[in-house]
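This briefing goes with a protein model shown below. Please look at the sequence and the structure first, then read the points by topic.

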Amino acid sequence: MARIEKFEDIQSWQKARQLCVIIFNLTANEKFSKDYSLKDQIKRSSGSVMDNIAEGFDRSSSKDFRRFLFFSKGSLSELKSQLYRALDQEYINQVEFKKAFSLANETEKLIGGLINYLEKRINSYKVSEESAVYGIAPTEELLTD
């Protein structure tokens, strides 16, 4: 696995960015562009996928990063639901729907893999109280120099 030094190195962020471009292109369609509410919602949710990955990466811990990845997955589910709405309203065709939905699924799998990796990493750092050894000196030793 390659070392990730910045959020732009994360594959799921790269895929989310591609998905965002596709969504912005789809919403430029004349019919779609007139549905201001759906157009705004789907553009915001697509941007939220990549933004949450980036924000989570720069958080202070793997646990925080993982939490933001779950937000990203939630935005992906929202986006997929909105794609169905766009298809049902005939703002996009079946080919456009399949392309965007497939990329959304691919992005979701990558995010899921990263979540699993971070979960293992978080669990490997947990300390069991039963196995802990404390180096506390008896009171008498603390009082003498």
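Which residues does Asn-52 touch, not counting residues up to four places away in sequence? With that exclusion, Asn-52 touches Phe-68, Phe-71, Ser-72 and Ser-75. The model in which these contacts are found is a predicted one.

**Overall make-up**

- The protein contains 6 helices and 0 strands.
- Read from the N terminus on, its elements run α-α-α-α-α-α.
- The protein has 145 residues, and 35% of them are buried.
- Take the contacts between residues at least 6 apart in sequence: 70% of these join residues at least 24 apart.

**Helix H1 and its packing on H3**

- Helix H1 covers residues 11–27, and H1 has 17 residues.
- From the first C-alpha of H1 to its last is 24 Å, close to the 24 Å expected at 1.5 Å a residue.
- The buried residues of H1 are Ser-12, Trp-13, Ala-16, Leu-19, Cys-20, Ile-22, Ile-23, Leu-26 and Thr-27.
- H1 packs with H3 at an angle of about 165 degrees, and the two axes are 9 Å apart.
- Angles over 145 degrees count as roughly antiparallel, so H1 and H3 are roughly antiparallel to each other.
- The crossing of H1 with H3 is left-handed.
- On the H1 side, the contact is made by Ser-12, Trp-13, Ala-16, Arg-17, Cys-20, Ile-23, Phe-24 and Thr-27.
- On the H3 side, the contact is made by Lys-39, Ile-42, Lys-43, Ser-46, Gly-47, Val-49, Met-50, Ile-53 and Ala-54.
- The residues of this contact of H1 with H3 divide into 10 nonpolar, 4 polar and 3 charged.

**Gln-11 in H1**

- Gln-11 has its place in helix H1.
- Is Gln-11 buried or exposed? The relative accessible area of Gln-11 is 53%, and the cut-off for exposed is over 50%, so Gln-11 is exposed.
- Gln-11 and Ile-111 are 100 residues apart in sequence, yet their C-alpha atoms are 8.6 Å apart in space.

**H3 against H4**

- The angle at which H3 and H4 pack is about 160 degrees, with their axes 8 Å apart.
- H3 and H4 are therefore also roughly antiparallel to each other, since this angle is over 145 degrees.
- H3 and H4 cross in a left-handed way.
- The contact of H3 with H4 is made up of 13 nonpolar, 9 polar and 3 charged residues.

- Asn-52 is found in helix H3, which covers residues 36–57.
- Asn-52 has a relative accessibility of 11%, and buried means under 20%, so Asn-52 counts as buried.
- Ser-75 is found in helix H4.
- Ser-75 is buried as well, because its relative accessible area is 7% and the cut-off is under 20%.
- Not counting residues up to four places away in sequence, Ser-75 touches Ser-45, Ser-48, Val-49 and Asn-52.

- What span should the 27 residues of helix H4 have at 1.5 Å a residue? Helix H4 (residues 62–88) should span 39 Å, and its end C-alpha atoms are 39 Å apart, which agrees.
- H4 is followed by Glu-90, found in the loop between H4 and helix H5 (94–124).
- Glu-90 has a positive phi of about 60 degrees although Glu-90 is not a glycine.
- Glu-90 counts as exposed, because its relative accessibility is 61% and exposed means over 50%.

**Ile-122 in H5**

- Ile-122 lies in helix H5.
- With a relative accessible area of 16%, Ile-122 is buried, because the cut-off is under 20%.
- Ile-122 and Ser-61 are 61 residues apart along the chain, and their C-alpha atoms are separated by 9.2 Å.
- Not counting residues up to four places away in sequence, Ile-122 touches Ser-62, Lys-63 and Arg-66.

Key
Residues are numbered from 1 along each chain as its sequence is written. This is a predicted model: local features need pLDDT of at least 70, side-chain atom pairs count only at pLDDT 80 or more; totals for chains, interfaces and linings use all residues. Side-chain values use heavy atoms; hydrogens and water are left out. Helices (H or I, at least four residues) and strands (E, at least two) are DSSP runs, numbered from the N terminus. The expected span of a helix is 1.5 Å times one less than its number of residues. Buried means under 20% relative accessible area, exposed over 50%, partly exposed in between (1.4 Å probe, protein chains only). Contact means heavy atoms within 4.5 Å. Axes are lines fitted to C-alpha atoms, for helices over the stretch in contact, and angles run from 0 to 180 degrees between N-to-C directions. Angles under 35 degrees count as roughly parallel, over 145 as roughly antiparallel, 65 to 115 as roughly perpendicular and the rest as oblique. A crossing is left-handed if the near helix is turned anticlockwise from the far one by less than a right angle, and right-handed if clockwise. Ala, Val, Leu, Ile, Met, Phe, Trp, Tyr, Cys and Pro count as nonpolar, Asp, Glu, Lys and Arg as charged, and the others, Gly among them, as polar.
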